[in-house]
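The entries follow in the order of the look-ups.

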Amino acid sequence: MPALWLCACLALLGLLLAPLAQARLPGPPEGWEGHTRVRDLAAVRASGQLRVLVNQSRNSSGEVRGEPIGVEYRRLRAFEQYLNRGARDGREVRLKLIPLPKEQLLPALLRGEGDLVAPGELLAVRRGQAVSASAPLLARVPLVVVSRQGNRRYATLEQLAGRSLALPAGSAAREALQGFNAGRKTPIVADWLDPSLAVEDVLEMVQAGILPMTAVELPIAERWARVWPKLRIDRHLQLATEGGMHWFVHREAPNLRAGIDRFLREYRAPANQDAAFQRVYRRLYKVHNPLGRVELQRLARVRATLMSHARAADLDWLLLAALAFKESTLNPAARGAGGATGLLQITPAAARSVGVHNHASLDGNVQAGTRYLAMLRRRFFASSQLNERERMAFVLAAYNLGPQRVQSLRAEARRRGLNPNQWFFQVERVAAERHGMGVVSYVNSINKYQLAFARERYRLEP
């Protein structure tokens, strides 16, 4: 009996952890095999390639049609030039960027899957890890509370007791909150969000009023406040002030570490380094709050239709609600480009392709859009290698861009060593480079709306 009980517990634990593990897949196994040896600077030069493990956050390592929007891009490219300027044999070193979830960066470095970690955020090193930090890129970086203009103001952190901070996976606020909450009867609650959301996604949801507040590094908050002016940075509410931003190498690569430190001593960021970032994000569609009074009234009027057709197609009705909010702001009379109409902005041709001819009516429109989503899922994204969150992200991308284009993006991602079965932070990188941020913003917006609705499921469902 004890053995059976232990097996049952382990099985249950595996089921509970599986969704999180799947949602953070680092990439196809073939992209990471064969790298087990720590390489110092001489080995890097001999190979002609510096493998850089970057935080997959768009804030840290995003790129749009050849323009860098990630904070680490220009610095890393400058380091590449620095290495090649000092090459004695004339052999150049090229960077290979490997995007991973923030919490997987140091483990990948220790396994020899990369030579350098450039997180673009605060990253804690556990005691005893064979990791060496560079000279600080920024020293004494405060972790500050960020809210929305017009929200209640708090004078001290103590006033936040019992309230929650929305945090992305891997946030440096974990350790800071643990220290602040130690010994307190009423702690500040960490509201850990879906792993498809990076720090910039959380900030966007805060400025939209979907989430109440978060905690983030001050330089990151200031950067995004330039494109989202509704953000309010409460500089006096600091969870921590001692941490610095660094690059990291393996402890057995002292010459690479020394080269990085020499580079950082002379590096000066260009004054216009955020010009492309601000230009791209200022013209992007910004998410709105789908949970306002008017929005919920509209949702209530179409809820029965959404639930009925979602049930028939084995879809979450809140996904349909999120898609409808993005496409038409839940307005059945909406008309778009190319003949697209109605709640789900389905075109006549797409409706006919799934056997619906009355797509102008509310029921016919939702039926056509739902059938079309189900067809995309069944025909193109039915693989068991996709977890459900990623599967539906690919379906939404195909709804916006076309399934053949999305399959082409997956093929290109595989060729680059990215994970072709993960849209968020992996295939979306190729989409941003090829097509711009339109489809990336589209899928991200719907994902945020669905997550916002899901947080209120108990009061949205009859």
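Conventions first. I took helices (H or I, at least four residues) and strands (E, at least two) as DSSP runs, numbered from the N terminus. The expected span of a helix is 1.5 Å times one less than its number of residues. The model is predicted, so I kept local features at pLDDT of at least 70 and side-chain atom pairs at pLDDT 80 or more, while totals for chains, interfaces and linings use all residues. Residues are numbered from 1 along each chain as its sequence is written, and side-chain values use heavy atoms, with hydrogens and water left out.

Entry: helix α12. I looked up α12, residues 317–328, and found 12 residues reaching 16 Å from first C-alpha to last, close to the 16 Å expected at 1.5 Å a residue. For burial I used relative accessible area: under 20% is buried, over 50% exposed, and in between partly exposed (1.4 Å probe, protein chains only). By that rule 11 of the 12 residues of α12 are buried; among them are W317, F325, K326 and S328. What do the buried residues of α12 pack against? I noted α11 (293–313), α14 (362–380), α15 (388–401), α18 (438–455) and α19 (457–460). At the start of the helix, a side-chain oxygen of D316 comes to within 3.0 Å of the backbone nitrogen of L318.

Entry: H309. This residue lies in helix α11, and I list H309 as buried because its relative accessibility is 12%. I counted contact as heavy atoms within 4.5 Å. Neighbours within four places in sequence aside, H309 is in contact with D363, V366, Q367 and T370.

Entry: positive phi. Most residues other than glycine have a negative phi. I therefore wrote down the exceptions that I looked up. Just after α12, T329 has a positive phi of about 50°. L330 is a residue other than glycine with a positive phi near 65°, and it is found in the loop between α12 and α13 (348–353). R65, not a glycine, also has a positive phi, of about 50°, and sits in the loop between β2 (63–64) and β3 (67–68). Are L330 and R65 buried or exposed? L330 is buried at a relative accessible area of 3%, whereas R65 counts as exposed at 55%.

Entry: aromatic rings. I paired rings of Phe, Tyr and Trp (its six-membered ring) if their centres lie within 6.5 Å, with planes under 30 degrees apart as stacked, over 60 as edge-to-face and the rest as tilted. The whole structure gives 16 aromatic pairs. W224 and Y281 have ring centres 4.7 Å apart and planes at 80°, so I logged the pair as edge-to-face. W224 is in α8 (residues 218–225) and Y281 in α10 (residues 275–282), so the pair ties together parts 57 residues apart in sequence. Both W224 and Y281 are buried. F394 and W423 form an edge-to-face pair, 6.0 Å centre to centre with 80° between the planes. F394 lies in α15 and W423 in α17 (residues 423–435), so this pair ties together parts 29 residues apart in sequence. Both F394 and W423 are buried. I also noted one aromatic cluster, formed by F79, Y82, W247, F263 and Y267.

Entry: charges over rings. I required NZ of Lys or CZ of Arg within 6 Å of the ring centre and within 35 degrees of the ring normal. The charged end of R410 sits over the ring of F394, 4.9 Å from its centre. The charged end of R184 sits over the ring of F180, 3.9 Å from its centre.

How values were computed. A polar contact is a pair of N or O atoms within 3.5 Å; within protein, one must be able to donate a hydrogen and the other to accept it, and residues adjacent in sequence count only if both atoms are side-chain atoms.
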